[in-house]
Amino acid sequence: MRALIALTSLLVMNTAIAGIGDSLESAKKKYGAVVEVSTYRPDLYPTSYIFQSAGAKIEVTPLPRAISRLDVFYASLPSEPVEGLLERYSGRSGWKSRPLAEPEFAREFPLFSTTTSKNRFFVADGVFALVQSDVGDHKLVIAIQSADYLAELHEYRKKKKGA
């Protein structure tokens, strides 16, 4: 009986997961209806789907079919620790803060400064995150991407150029 309850709990939890590597449908189950579809510069960026949930704007980018990037925007600073937010949105545990000077940061987030105190870098199980504070109207911005996001983005752009 305990095994059945544990299995049922696991199955229910899995339907609510919408992290890196999961489907757009899983994001819809977790966050509700898409409030906006972003096709900003379709020659450079794939379509993203925007949700509103628990005081956050969540932008999900499936590339090609699975979620390979999530961007989360908070207008006010959440009380939950950053590692908890990273775990919730990515579907991965074991997030560790890493120095911005690490080569992985420059490789995964090449357009972002390694010298500003607004940027923080986190790594967990082949997934990378850039966490920024006080960016424009947002008190906290989280960008989470798979290890192969940049390669997939490159392939996407190559296909668009050839189309």
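Here is a short chat about the strands and helices of this predicted model.

Visitor: Hi! In what order do the strands of the open sheet come?
Guide: Hello! The model is predicted, and in it eight strands make an open sheet, ordered E1-E2-E3-E4-E8-E7-E6-E5, with antiparallel pairing.

Visitor: Which strands stand at the edges?
Guide: Those are E1 and E5, the latter covering 96-98. Each has a single partner strand, so one side of each has no neighbour in the sheet.

Visitor: And what does the twist average from one strand to the next?
Guide: The average is 25 degrees.

Visitor: Let's go to E1. How many bridges does E1 share with E2?
Guide: Three, linking residues 36-38 of E1 with residues 48-53 of E2 in the antiparallel sense. Ser38 sits opposite Ser48 in E2.

Visitor: What about E2 and E3, how many bridges there?
Guide: Five, again antiparallel, with E3 spanning residues 56-62. Gln52 faces Lys57 in E3.

Visitor: How many residues lie between E2 and E3 in their hairpin?
Guide: Two. Ala54, in that turn, has a positive phi of about 50 degrees.

Visitor: Now the helices. Which strands does H3 lie across?
Guide: Helix H3, residues 82-90, lies across E3, E4, E6, E7 and E8, at about 50 degrees to E8.

Visitor: And which strands does H5 touch?
Guide: H5 (residues 149-162) packs on the sheet and touches E4 and E8. Its direction makes about 80 degrees with that of E8.

Terms used
Residues are numbered from 1 along each chain as its sequence is written. This is a predicted model: local features need pLDDT of at least 70, side-chain atom pairs count only at pLDDT 80 or more; totals for chains, interfaces and linings use all residues. Side-chain values use heavy atoms; hydrogens and water are left out. Two strands pair if DSSP finds at least two bridges between them. Helices (H or I, at least four residues) and strands (E, at least two) are DSSP runs, numbered from the N terminus. Axes are lines fitted to C-alpha atoms, for helices over the stretch in contact, and angles run from 0 to 180 degrees between N-to-C directions. Contact means heavy atoms within 4.5 Å.
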